[in-house]
Amino acid sequence: MDNISVFLPPFSPDYSGFCSALFSLDGILVIHDAGGCTGNFTAYDEPRWFGSSSHVYSSGLREIDAVIGDDQFFIEKINKIVRESDNRFVALIGSPVPTVIGTDFKALAHIIRTSTKVPVITFDANGIDYYDVGASSAFLAIAKNFILESGEKIKNSVNIIGATPLDLGNNDPERSLCSFINDAGYTVISCWGGNSKIDAIMQSGKAELNLVVSRSGLAAARYMEEKYGIPYVTGVPIGESAAKFFSVTISECIKDSKSRIRLNNLDLDKSKNNGTACIVADQVIGNSLRECLISDFGFSDVIVCSFFEMDSTLSIPGDVHLNSEDGLENLISSGSFDVIVGDPLIQPLIGDVKLIPFPHIAISSRIFWNDSLQYFGIEGSKYLKKYLNPYHVT
Amino acid sequence: MKKIAIYGKGGIGKSTVTSSLSAALSVLGYRVMQIGCDPKADSTINLTNGQRVTPVMNYLREFHSCSSLDEISLVGYNGIVCVEAGGPIPGLGCAGRGIITTFNTLESLQAYEIFKPDFVLYDVLGDVVCGGFAMPLREGYADEVIIVTSGEKMSLYAANNIKKALDNFENRNYAKLKGLIMNCRNIENEEEIVTQFAKEIDSPIIGNIPRSSSIQYWEERNMTPIQGDVNCIISCSFLEIASQIAGTGKEN
C-alpha cells in the first residue's frame, strides 16, 4: 500500500517525457495507443501544444488490433503521414498496451525506414515509468542520431540540454536562460527540450560546453562528452551567487575540458547556520536551489529529494529518492526542516512546515503552469527571499 | 557471440536437443548460456543435474525486481550458464509477456556482457504463438533459428508454421532459419519424409538424432547423454551438430 497516492496526482509518464523532449524538432511523433495517452500528453503535460503546429499523433490502436497483433495498419498510417508531410524524422512511442503485447518497435522502425527513407527512432514507453526516463531516452536518441560530425568548435558556445517545460516550467524558460547565457558572454547553439529546431540540434557538436539543466539531460551530455569531447556542467543559474559565478565556472570548464556538477563554485561548507531545508524537485534543479539557499541565504543543511530518478554522482549524503508520497511525509515528519521547497501540491504532506512553492509540471500538470515564476539569476534569490524569515536574509 | 533459438512442436524433444547441444558446444571448448523460454522451466534441468534454477518470473513475482544475475542463474555442466524464464501463475497472466520481461531483465543486468558466452541457446516453447514467443527471433537476440522435427505429420505441420512466421518476419530483420534437426521417432520412411519437407521449405537438415534409449537412460539420471557418456552414438551425433553450428564441422 506504500505506493498509493492519496494527495498527489499521477506524475507525467515516460511517453510524455519522450514527446516533450522532441516536441519542437520537426518530427512526426506517434504514440501507439488508443488515444488516451496522446491526449494525456497534449492536454496535460505539454503547454506548448495549444496553438502549435507540431505533429503528435495517436495510432488509434483498438482491441482487435492488439489481440491479433495487426501492426500493418500502424505502418500504413505512418507511411501516409510521411508521404504527405515534409517532416524530418519519425518517432514511434509505446504505451501500456503495446508493452503488454510486446510490440517490436525496432522492427516497425526498420520497415518504415526502409519504405520511406526517413530516420525513425523508437522508445518502448510503458506508461509506468515517469517522464524523466522518457526525456532522458529521447535526449540520448537525439545525441546518437542527429548530431553532425564536425571537428570545428564555435568559441564560447554552449548547448542547453534537458530544458523541457516538464522540468523548467512554462514561462518561456528558454528565452530567459538564453538571455542569461548571452549576457554572460556565451552563445547558445541549441536548446534541447526547448524550442530549437532539428537544424540547430544537428550543429550541437560544435559547442564548447553542454549546460545540463535537468537530470534527464545527463545521459546525453555524458554521451557527447565521450563522443565529441564536450564537457558539461549540471545546474540552473538560480540566485545571486550562481549569477555571479556562472561565467567563471563556464569559462573554467571550457578551459580545462573537465565536467562539473555545480555552477556555483563557492565553498558550501562556509554556511551561516541560518536554517535547514528540504527541496523536492528534479535533481539538477534541486541541487541549484540548494546552492542558492546555502550561498545566498546561509542555510546550513539542505537535502534534495525527488520522486524521479536521481544520479548518485549528483547526490550528497542525506539526499533521498522518494518512492511514494508516504516517503515524503515520513521524511518531513522525522526531520527538522525550517522550509520545504517543492510543488504546491505537496502541501498536505509536509504538515506545518513552511512551503516555498516551486511548481513542477511533471507533478501538478496544468494547475500552475500559467503562474509566471522567474528564477534565473538574481530573480531566483528575490523569489525565495519573499518566503524566508528575515534572519535568513544575508 | 552467436545466438540460436530452437523451436519445434511441443514434446518433440527441444529441451533434450538444446541441452545436449549446449553440452556438446561446451565440450568443444565454447562458453555457453542456455535460456529456457518455456513456463515449465525445465529446459536446463539436466545441465544442472536436477538442481532447479529460480525462474526469472518466479523471482520477480516474489521480489518485484532483480538486481543480481546470481539470483536467476546457475552454472551447470562444464560452465554452462543456465537461466529459465518460467511463467505466470497457471491459468493467469501472460506467458509470452513473461519471456519479454525475462529478456528485458537479462539485458538490464547485462547478462551477455558479464557472462560473455560464445553461444546463447534459447529453448522456446512450441510454436511462435504470439509476440512474446517471437521475442527470441527479434533483432539483437537470436541470429539463427533451428527447428527440431520428426517425420510425424503434426511435428512437420508445426515446423511449417514456424517457417511461415520466419518468412512473415523477413522485412523485420529477424533471425534467419539455419536448418532442421531431425529427432527420429522411427516412423516409416522418416528420413525421406523429413528430407522432402526440408526441400519444400528450402532448408538444410543440419543433424539427425537417431532414436535411442540412452537419452531416456541419462535423463532419468538428470544428465544429457554428453554428460553421461560422451563417446556414445547419440553424443557423437550431438557433437557433430555442435561442430557444424560452431562452423568447424561439415554441412550435412
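Visitor: Why is Ser365(A) called buried?

Guide: Ser365(A) has a relative accessible area of 16%, and buried means under 20%, with exposed over 50% and partly exposed in between (1.4 Å probe, protein chains only), so Ser365(A) counts as buried. This is a predicted model, in which local features need pLDDT of at least 70, side-chain atom pairs count only at pLDDT 80 or more, and totals for chains, interfaces and linings use all residues. Residues are numbered from 1 along each chain as its sequence is written, chains are lettered from A and ligands numbered from 1 in the order in which they are written, and side-chain values use heavy atoms, leaving out hydrogens and water.

Visitor: Is Lys117(A) buried or exposed, and how do you know?

Guide: Its relative accessible area is 67%, so Lys117(A) is exposed. Lys117(A) sits in the loop between helix H6 (105-116) and strand E4 (120-123) of chain A, and has a positive phi near 65°.

Visitor: Why is Asp14(A) called buried?

Guide: Because its relative accessible area is 0%, Asp14(A) is buried. Asp14(A) belongs to helix H1 (residues 14-22) of chain A. Its contacts (heavy atoms within 4.5 Å) include Phe123(A), Tyr130(A) and Gly134(A), not counting residues up to four places away in sequence.

Methods. Helix = DSSP H or I, 4+ residues; strand = E, 2+ residues; numbered from the N terminus.
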